[in-house]
Structures are given as C-alpha cells and as structure tokens.
Amino acid sequence: MIAGIMVFLLLKHRTARVAGLLAYGTFAGLGAAAVQHFWLGIVPGDYLAVAGALGLFALGMSAAVAGLAALFGEPGIGLGALTFFLAGNAISGLSAAPELLPQPWGAVGQWLPIGAGGSLLRSASYFDGCGASFPAAVLTAYAIGGVVLVLIGRKRLGTAPAEVVEETVASPELVPAR
C-alpha cells in the first residue's frame, strides 16, 4: 500500500507511475520470496511460483491504491487505506482459513487484495497451485484496474482528472508582451 502511495506522490508522469508499479511488483515478489524461501525457510514450494504470487499481490495492492489516489487525490489514499488495510486485514483470512471467519465476511475478504494474496500464496506454497485461479484473477483485476486508473487519473495533487482537463492553456491577456 505504501508503494502505491509513494508512486503517486513521487512520480509525476503517468507512464513513470505504471513503470514504477510494474518494477515494484516484480522486485517485491522476487525479493520477498527469496527472503522467505531461502533465508528464513518459512515458505515451502517452488520459488518462482511463490515469487509470482507475492509479486502479483504487491502489484495488485499498490496499483489499486495508486489508482484510487490518481482518481480522487488525497481522499483516494484514505479510501485505499480504509478499504484495503483496515477492513481488508480483518476479513482476509490470513491468520486462519477464510472458511473459519463468520460468513459472509470470509468470502468477502477473498475479493480484496489481502485475502486473495494470502490464498494465492497458500496455493502456490502448499498446494502446488491448486485453487490459485480465483485469487490470481482477483489480484489481476486489481492490478489492471489500478493501472487503468493511474493512466486516466490526475497527474499530481491539485489537478483535475485527465478526461476533464489535460493541460491548462494560458489566456492571451495573461501572456506578457515582448
């Protein structure tokens, strides 16, 4: 989530934001999988499958937050934090299986990036990818949706969305005479 916020605040061009999100997803997946798989030994399974699961989770979450920020500005950052962090953590089913949560909250949590990411990591690590299609589809939808919102949203805070105003044109009376 913080990566999505930083991408929005620090990178001004939309294409740079998309490149930053893709790079973050790639390196976060490879790095987190390497630490958890090789160094700590806490995640079994195929390294590349685990890296792909963690990378898709990182991309889905960061792109969704950056997309909300690009669309709504600062309120979008708050909306992403409220939805994905506060509500998403509580109903994700990470500490236990989502089936053990009160229904329908266990099922709802699987439609958010944190719940889908946990299920995808479980599938890649322990079950050889079985049951990975739904969480992978959810995370892919968040990643694509977030990238689309980044591309159509604001360039920076204080500007209107791209479809409303692309560039502000100075009026002729404000241009100094030479």
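These legends walk through a few views of one predicted model.

View 1. Follow the protein chain along its sequence and you get the pattern α-α-α-α-α-α-α. That's seven helices and zero strands. Of its 178 residues, 40% count as buried.

**View 2. Helix α3 meets helix α6.** Zoom in on α3, which covers residues 47-72, and α6, which covers residues 113-126. Their axes come within 8 Å and cross at roughly 175 degrees. Angles over 145 degrees count as roughly antiparallel, so α3 is roughly antiparallel to α6.

**View 3. A closer look at the residues between α3 and α6.** On the α3 side you'll find A49, V50, A53, L54, L56, F57 and M61. Facing them from α6 are P113, I114, G117, L120, L121, A124 and S125. Sort the residues of this contact by type and you get 12 nonpolar, two polar and no charged.

**View 4. Helix α2 crosses helix α3.** Helix α2 takes in residues 14-39. The axes of α2 and α3 come within 7 Å and cross at roughly 145 degrees. As for handedness, this crossing is right-handed. What kinds of residues make up the contact of α2 with α3? They divide into 18 nonpolar, six polar and one charged.

Key
Residues are numbered from 1 along each chain as its sequence is written. This is a predicted model: local features need pLDDT of at least 70, side-chain atom pairs count only at pLDDT 80 or more; totals for chains, interfaces and linings use all residues. Side-chain values use heavy atoms; hydrogens and water are left out. Helices (H or I, at least four residues) and strands (E, at least two) are DSSP runs, numbered from the N terminus. Buried means under 20% relative accessible area, exposed over 50%, partly exposed in between (1.4 Å probe, protein chains only). Axes are lines fitted to C-alpha atoms, for helices over the stretch in contact, and angles run from 0 to 180 degrees between N-to-C directions. Angles under 35 degrees count as roughly parallel, over 145 as roughly antiparallel, 65 to 115 as roughly perpendicular and the rest as oblique. Contact means heavy atoms within 4.5 Å. Ala, Val, Leu, Ile, Met, Phe, Trp, Tyr, Cys and Pro count as nonpolar, Asp, Glu, Lys and Arg as charged, and the others, Gly among them, as polar. A crossing is left-handed if the near helix is turned anticlockwise from the far one by less than a right angle, and right-handed if clockwise.
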